[in-house]
Amino acid sequence: MSSVTVARTDFRSIRRSYAVVGVVATFAALSALVFLGSDEVHPHPVRTTFGLSALVAWALPLLLAPLAYLAVAGDRARGTITYHLGLPNTRAAYFRGKYLTRAGVAAVTTALGVAVAFGVALATYEHAPDPGRFLALGALSTAFALAMVGVFVAVSASVASRSRAMVGVVGAYFLLSAFWVGPLPLLNLGTALDAVAALPGVGVSDSARALVGSLSPAGAYFNLLPELVWADAPGEYAALQQFAGRSDHLGYEPWFNGLVLAGWTVGAPLVGYLRFRSAELG
Amino acid sequence: MSAVDIDGLTKRYGDVTAVSELSLSVDRGEVFGFLGPNGAGKSTTINILLGFLDPTAGEVSVLGTDVTRDPQSVKARVGLLPEAFEPVPNLTGREHVAAAVETKGSDDDPDALLDRVGLAPEDASRPADDYSTGMFQRMALAVALVGEPDLLVLDEPSAGLDPNGVRLVREIVREEADRGAAVFFSSHVLDEVERVSDRVGILQDGELTAVNSVENLRDDLGMGSVVSATVDAVPDLDPIRAVDAVTDVSADGSTVRVACAAPGAKMAALRRLDDRATVADVTIEESSLEDLFEAYTTDRPEAGDGDAGDGATGPGAGAESATGDEPSAATAGGDRT
């Protein structure tokens, strides 16, 4: 029961700081804006989910990071951890409680954002949104958000200071989202693989590129969307059709990408906990 | 069974030794004052007691349980008031106590505990972030008292408290000890420690330099007391200097000051002075724990070298005079083999 007590205590704390309200409201507003701004360009809401997915991959982690990076490191820096662990809480129960609150906030933020997008699409688009596609988008986006929050909490549990937690979380975001599948023209995984392929005697096959590209939460998320959200989409949208007829590489397989996402969601917090379990506190 | 049993505890951080070969025990119902200058290793010792840190060497048993093997069992029976921690942001004082009650599975009434430590209901319902240091200490003490712990570990419990608060802490500590709880009491307010502790341990550079009752430490150091007598005319002081256990005699105007290392020397010196002059007034000043602390932590005395061994194993073990030669071998006087 102590995990529940830690989680409840923690949730009260972050809820009253209005940070949670700010994050949830900001993402909901951004999701609504994405759809409000595109209703006249794309008559089918499914096309706009392409833009929403980019918002999820690149903006949502940045909104969640401030809530997550101090989850454990903040308590260690303030000494508040002695309050929690001076009581008969195991380190596992404490870590679980902390993860639960952050994961809960991430799930609610994501689900609400997608729900708001659906509502805006329903109200403003020429064609009604497909509930099945939005459900799938909501589920996938939530899974991605949980994976990223797991990474952030793991970083927070692995370090003893606020500054290290912040650097670690920002670094994890840039590596796993912005660099791996990011919008930056030069600083991304593709250019890095090109550089490797340009070395004498080194070749990087398409299947290897697909495999490496799928290994981050954002990569797996983007690889799952064509199959589960955009397949057989109405309208003739090049952005969605670009994924049709992709090669049969392992890196594009939905089951493999689902496994990658699950691996991050479970594996990152586990690694964070194992580091925290052996940390010297005080 | 002791409440706290530390045997040969050593904690190193790389090349730095924070605690070295520390051995001591604290009995149930005993108030043990744990003293030392900043960086002496007090907090490290307390953190090991609670399982926050692992010892490099040695054994630490709390309430009969090896804390490195089963910290959960230990924490369920310990009440902790940590030093220098901040509250959970945006949580009220009452919610801090209520969460502790829930975690410990006790049937305590949070309001009753907060009332016991003197935190007003209207303050208890405010976020603890807004508390003054004294109010925060009261709340933290209420958290420590949850579940009638068998061991209270209080790290600087009087910090930031007003005199009424300090007195309240002293009363609560005595009440808890009377209930049978052991109290491990770390403080820089030496007067407070002296008033409330059955024994004190003085830690210096990670080593236990003395552990005993304040009275025994005072006797061991020959810092017993100073008799100040106002006389009509200062006589020849040599006969007074010749009294056994008189360590120093001086005169300042019409006041004669006689330093006595043993309780019996006071009356003997006073009688001899009274034989030679008319004594109009007498005051006796006992050397304070502050004097002892200074003596043990600035210029380690020969006389105190054996104290750690004699007093380290409980209130009864230190009653005899210091005899040991190895200050860090604090188990020498006692009940361990």
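Chain B places 29 residues in contact (heavy atoms within 4.5 Å) with 25 residues of chain A. The model is predicted: local features need pLDDT of at least 70, side-chain atom pairs count only at pLDDT 80 or more, and totals for chains, interfaces and linings use all residues. Residues are numbered from 1 along each chain as its sequence is written, chains are lettered from A and ligands numbered from 1 in the order in which they are written, and side-chain values use heavy atoms, with hydrogens and water left out.

**Interface of chains A and B**

About 2400 Å² is buried between chain B and chain A, and carbon and sulfur atoms give 56% of this area. Buried area is the accessible area (1.4 Å probe) that two parts lose on being put together, summed over both. On the side of chain B, the residues that lose the most area to chain A are B:F52, B:N90 and B:T103, together 24% of what that side buries.

Between the two chains there are 16 residue pairs in polar contact, both residues being at pLDDT 80 or more. A polar contact is a pair of N or O atoms within 3.5 Å; within protein, one must be able to donate a hydrogen and the other to accept it, and residues adjacent in sequence count only if both atoms are side-chain atoms. In chain B, β1 (4-13), α2 (71-76) and α3 (93-104) are the elements that give two or more residues to the side touching chain A. Helices (H or I, at least four residues) and strands (E, at least two) are DSSP runs, numbered from the N terminus. The largest share of that side, seven residues, comes from α3(B). By class, the side of chain B that touches chain A has 15 nonpolar, seven polar and seven charged residues. Ala, Val, Leu, Ile, Met, Phe, Trp, Tyr, Cys and Pro count as nonpolar, Asp, Glu, Lys and Arg as charged, and the others, Gly among them, as polar.

**Salt bridges**

A salt bridge is a side-chain nitrogen of Lys or Arg within 4 Å of a carboxyl oxygen of Asp or Glu. Two salt bridges are listed here.

| A:E280 | B:K11 | 2.7 Å |

**Helix packing in chain A**

Helix α3 (residues 45-58) and helix α8 (residues 131-158) of chain A pack at about 10 degrees, with their axes 11 Å apart. Axes are lines fitted to C-alpha atoms, for helices over the stretch in contact, and angles run from 0 to 180 degrees between N-to-C directions. The residues of this contact divide into eight nonpolar, two polar and one charged.
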